[in-house]
Amino acid sequence: MNLKVILAAAALSSVVLSSAADAQAQRTSSRKGAPSMQIDRKSDMKPVDGPAENFTGKATITGQFQRPEPSRVGGAIVHFEPGARTAWHTHPAGQTLIVTEGVGWTQIEGGAKLEFHAGDILWCPAEHKHWHGATPHEAMTHIAIQESVNGTPVTWLEKVTDEQYLAPLGEPKE
């Protein structure tokens with residue numbers, strides 16, 4: 001190989017290595033100010049009883065969260081013992097429920113009472129008065145996700161009566 005080719009190759013690899021080092025330094029320095037991922041560990045989550053003014057029966061809330069602005073999302077894992085249910089309530093931006101265990105019931109005011117099962121995903125539109133909970137004979141757990149509007153994710157209303165809770169299941173009204 002001639003000397004000119006060797007010198008040219010050496011010069012080229014020096015430029016390539018220098019550029020690669022500069023690029024790596026830029027990637028590293030740009031990460032220094034990046035936010036870190038937040039992980040809330042299950043072992044650190046302490047369950048709390050659902051407040052008696054908002055629940056009938058035994059409901060346990062775990063992993064409750066409200067993300068900082070600009071996000072508006074919040075949620076929790078809620079476990080309902082058999083017969084437990086929420087009071088009537090609304091959400092200003094709606095609510096998604098992801099059912100992870102058991103069987104439950106839900107109803108929007110004026111609509112039919114509906115049954116749902118583990119694996120189902122429910123959507124309650126914004127500002128629709130509704131309730132949800134376990135059936136009388138089977139527990140139910142769901143992940144509730146909703147957004148806050150003007151700092152509020154939910155407006156709690158009156159309790160669901162036993163008559164409303166035990167009413168027959170119906171077909172959804174169109």
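These questions and answers go through a predicted model and ask what lies behind each label.

User: Why is Val-160 called buried?
Analyst: Buried means under 20% relative accessible area. Val-160 has 3%, so the label buried applies. Val-160 sits in the loop between strand 12 (155–156) and helix 2 (162–165).

User: What does Val-160 touch, leaving out residues up to four places away in sequence?
Analyst: Val-160 touches Arg-85, Thr-86, Ala-87, Trp-88, Trp-131 and Tyr-165. Contact here means heavy atoms within 4.5 Å. His-130 is 30 residues from Val-160 along the chain, and their C-alpha atoms are separated by 9.4 Å.

User: Why does Lys-129 count as buried?
Analyst: The cut-off is under 20%. Lys-129 has 18% relative accessibility, so Lys-129 counts as buried. Its place is the loop between strand 9 (121–124) and strand 10 (130–134).

User: What makes the pair of Lys-129 and Glu-158 a polar contact?
Analyst: A polar contact needs a pair of N or O atoms within 3.5 Å, one able to donate a hydrogen and the other to accept it. The side chains of Lys-129 and Glu-158 make such a contact at 2.6 Å.

User: How do you know that the charged end of Lys-129 sits over the ring of Trp-88?
Analyst: For Lys, NZ must be within 6 Å of the ring centre and within 35 degrees of the ring normal. The charged end of Lys-129 is 5.5 Å from the centre of the Trp-88 ring and counts as sitting over that ring. Arg-85 also lies over a ring face, that of Tyr-165, at 4.1 Å from the ring centre.

User: What makes a set of residues a nonpolar core?
Analyst: Its members are buried residues of listed types, such as Val, Met and Phe, joined through side-chain atoms within 4.5 Å. The largest such core has 14 residues. Phe-55, Val-78, Phe-80 and Met-140 have the most contacts inside it. Strand 3 (59–66), strand 4 (73–80), strand 7 (95–108) and strand 11 (140–147) each supply at least two residues of this core. Strand 4 gives the most, with three residues. Apart from this core lies another, of five residues, including Trp-105, Trp-131, Val-160 and Tyr-165.

User: How many aromatic pairs are there?
Analyst: The count comes to four.

User: Why is the pair of Phe-55 and Phe-80 called tilted?
Analyst: Ring centres must lie within 6.5 Å to pair; planes under 30 degrees apart are stacked, over 60 edge-to-face, and the rest tilted. Phe-55 and Phe-80 are 6.0 Å apart centre to centre, with 50 degrees between the planes, and the pair is tilted. Phe-55 lies in strand 2 (residues 55–56) and Phe-80 in strand 4, so the pair ties together parts 25 residues apart in sequence. Phe-55 counts as buried at 6% relative accessibility, and Phe-80 counts as buried at 0%.

User: What makes Trp-105 and Tyr-165 a tilted pair?
Analyst: Their centres are 5.2 Å apart, and the planes stand at 55 degrees. Trp-105 lies in strand 7 and Tyr-165 in helix 2, so this pair ties together parts 60 residues apart in sequence. Both Trp-105 and Tyr-165 are buried.

User: Which residues do ring pairs link into a cluster?
Analyst: The cluster holds Phe-55, Phe-80 and Trp-156.

User: Why does Thr-90 count as buried?
Analyst: Thr-90 has 9% relative accessibility, so Thr-90 counts as buried. Thr-90 is found in strand 6 (residues 89–90). Thr-90 and His-128 are 38 residues apart in sequence, yet their C-alpha atoms are 5.6 Å apart.

User: Are Glu-127 and Asn-150 buried or exposed?
Analyst: Exposed means over 50%. Glu-127 has 52%, so Glu-127 counts as exposed. Asn-150 has 79%, so Asn-150 counts as exposed too.

How values were computed: Residues are numbered from 1 along each chain as its sequence is written. This is a predicted model: local features need pLDDT of at least 70, side-chain atom pairs count only at pLDDT 80 or more; totals for chains, interfaces and linings use all residues. Side-chain values use heavy atoms; hydrogens and water are left out. Helices (H or I, at least four residues) and strands (E, at least two) are DSSP runs, numbered from the N terminus. Buried means under 20% relative accessible area, exposed over 50%, partly exposed in between (1.4 Å probe, protein chains only).
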